[in-house]
Amino acid sequence: MFEVIALTAEDARAAQTGGADRLELVADIAADGLTPALADFVAIRDAVSIPLRVMLRLRDGFTPGSLDELQARAAALRAEGAEEFVFGFLDAEGAVDLAATRAVAEAVAGCRWTFHRAIDHSADRAAVRAAVGDLPGLDTFLTSGSAAGVSDGREVLAGELAKAGDPGYRQQILIGGGLRAEHIPDLRAAGFDGFHVGGPVRANGWDTPVDAAKVAEWRAVIDA
């Protein structure tokens with residue numbers, strides 16, 4: 001699985017052209033990714049044929065914002081064809097906000113979803129996995145193993161991969177956050193098969209669109 005962050009239809013088309021398997025759709029990357037506007041989702045939906053996972057979060061940080069509003073946004077997205085989502089929330093102490101996470105999971109019942117990198121900022125990632133692991137639809141954890149990124153989190157990632165199949169560890173590990181192309185060969189050799197990037201497939205950071213050639217370069221490294 002090679003997932004690319006898309007902010008616009010232009011990003012989406014370039015990512016698909018370059019070989020991405022799936023897109024994560026967000027707005028306001030300066031806030032670490034918020035729920036995109038409905039019109040932006042529709043434009044991206046119409047631009048590509050690969051699967052789309054839509055972020056469900058209304059404000060910066062790892063809290064959901066207004067749950068009523070978030071559930072309404074989820075319903076509107078689903079009405080326009082959204083089938084996959086990304087979310088996951090922590091409380092002020094860094095524990096999973098299970099009530100909020102469950103409420104949003106119920107709002108997207110029948111859909112597949114990713115618990116995003118909130119797990120990397122949690123006080124106890126094993127406790128997060130135990131709490132949410134059986135929520136319906138959860139099939140992926142997006143994680144770098146550490147709040148500091150993949151370089152610091154590789155031992156944690158390896159430990160979690162070794163538990164694959166155990167309760168809380170049945171979901172795919174999608175590695176993202178500080179991921180660099182030079183990490184890929186060792187991660188592939190270790191058995192990881194999910195990778196997520198945003199900035200590295202742009203010519204000059206987030207101020208520039210996704211570059212199809214850069215996506216293709218990553219695709220080639222992943223498939224090597």
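Residues are classed as buried under 20% relative accessible area, as exposed over 50%, and as partly exposed in between. This classification is applied below to a predicted model. By this criterion Asp32, with a relative accessible area of 46%, is partly exposed. Asp32 is located in the loop between strand E2 and helix H2, and its phi is near 70°, a positive value in a residue other than glycine. The loop between E2 and H2 also contains Asp28. Although Asp28 is not a glycine, its phi is positive, at about 55°. The relative accessible area of Asp28 is 43%, and Asp28 is therefore partly exposed as well.

The overall architecture of the protein chain was examined next. The chain contains eight helices and nine strands. Along the principal axes, the C-alpha atoms occupy a box of roughly 40 × 40 × 30 Å. Buried residues make up 49% of the 224 residues of the protein chain.

Helix H1 (residues 9–18) was considered in terms of its buried residues and its helical neighbours. Ala9, Asp11, Ala12, Ala14, Ala15 and Gly18 are the buried residues of H1. These buried residues pack against strand E1 (2–6), strand E2 (22–25), helix H2 and helix H8 (212–223). After H1 comes Gly19, for which phi is positive, near 115°.

The packing of H1 against helix H2 (residues 38–47) brings the two axes within 8 Å, with a crossing of roughly 30°. Because angles under 35 degrees count as roughly parallel, H1 and H2 are therefore assigned to that class. The crossing of this pair is right-handed. On the H1 side the contact is formed by Ala9, Ala12 and Arg13, and on the H2 side by Ala43, Ile44 and Ala47. In terms of residue class, the contact of H1 with H2 comprises five nonpolar residues, no polar residues and one charged residue.

The packing of H1 against H8 involves axes that come within 7 Å and cross at roughly 40°. The crossing of H1 with H8 is right-handed. Ala14, Ala15, Thr17 and Gly18 of H1 meet Ala212, Val215, Ala216 and Arg219 of H8 in this contact. The residues concerned comprise five nonpolar, two polar and one charged. An α-helix has 3.6 residues a turn, so residues three or four places apart point the same way.

A further helix pair is formed by H3 (residues 67–79) and H4 (residues 98–107), which pack with their axes 9 Å apart and at an angle of about 25°. H3 and H4 are therefore roughly parallel to each other. Their crossing is right-handed. The residues in contact are Leu67, Leu70, Gln71 and Arg78 from H3, together with Ala100, Ala103, Val104 and Ala107 from H4. By class, the contact of H3 with H4 consists of six nonpolar residues, one polar residue and one charged residue.

The surroundings of Val150 were also examined. Val150 belongs to helix H6 (residues 150–162). Its relative accessible area is 0%, and Val150 is therefore buried. When residues up to four places away in sequence are not counted, Val150 touches Ser144, Ile175, Gly177, Gly178, Leu179, His183 and Leu187. For one of these residues, Gly178, the C-alpha atom is separated from that of Val150 by 5.4 Å, although the two residues are 28 residues apart along the chain.

Technical notes. Residues numbered from 1 in each chain as written. Predicted model: local features only at pLDDT ≥ 70, side-chain atom pairs only at ≥ 80, totals over all residues. Heavy atoms only, no water. Axes fitted to C-alpha atoms, helices over the stretch in contact; angles between N-to-C directions. Helix = DSSP H or I, 4+ residues; strand = E, 2+ residues; numbered from the N terminus. Parallel < 35°, antiparallel > 145°, perpendicular 65-115°, else oblique. Left-handed = near helix turned anticlockwise from the far one by under 90°. Contact = heavy atoms within 4.5 Å. Nonpolar A, V, L, I, M, F, W, Y, C, P; charged D, E, K, R; others polar. Buried < 20%, exposed > 50% of the residue type's maximum accessible area, 1.4 Å probe, protein only.
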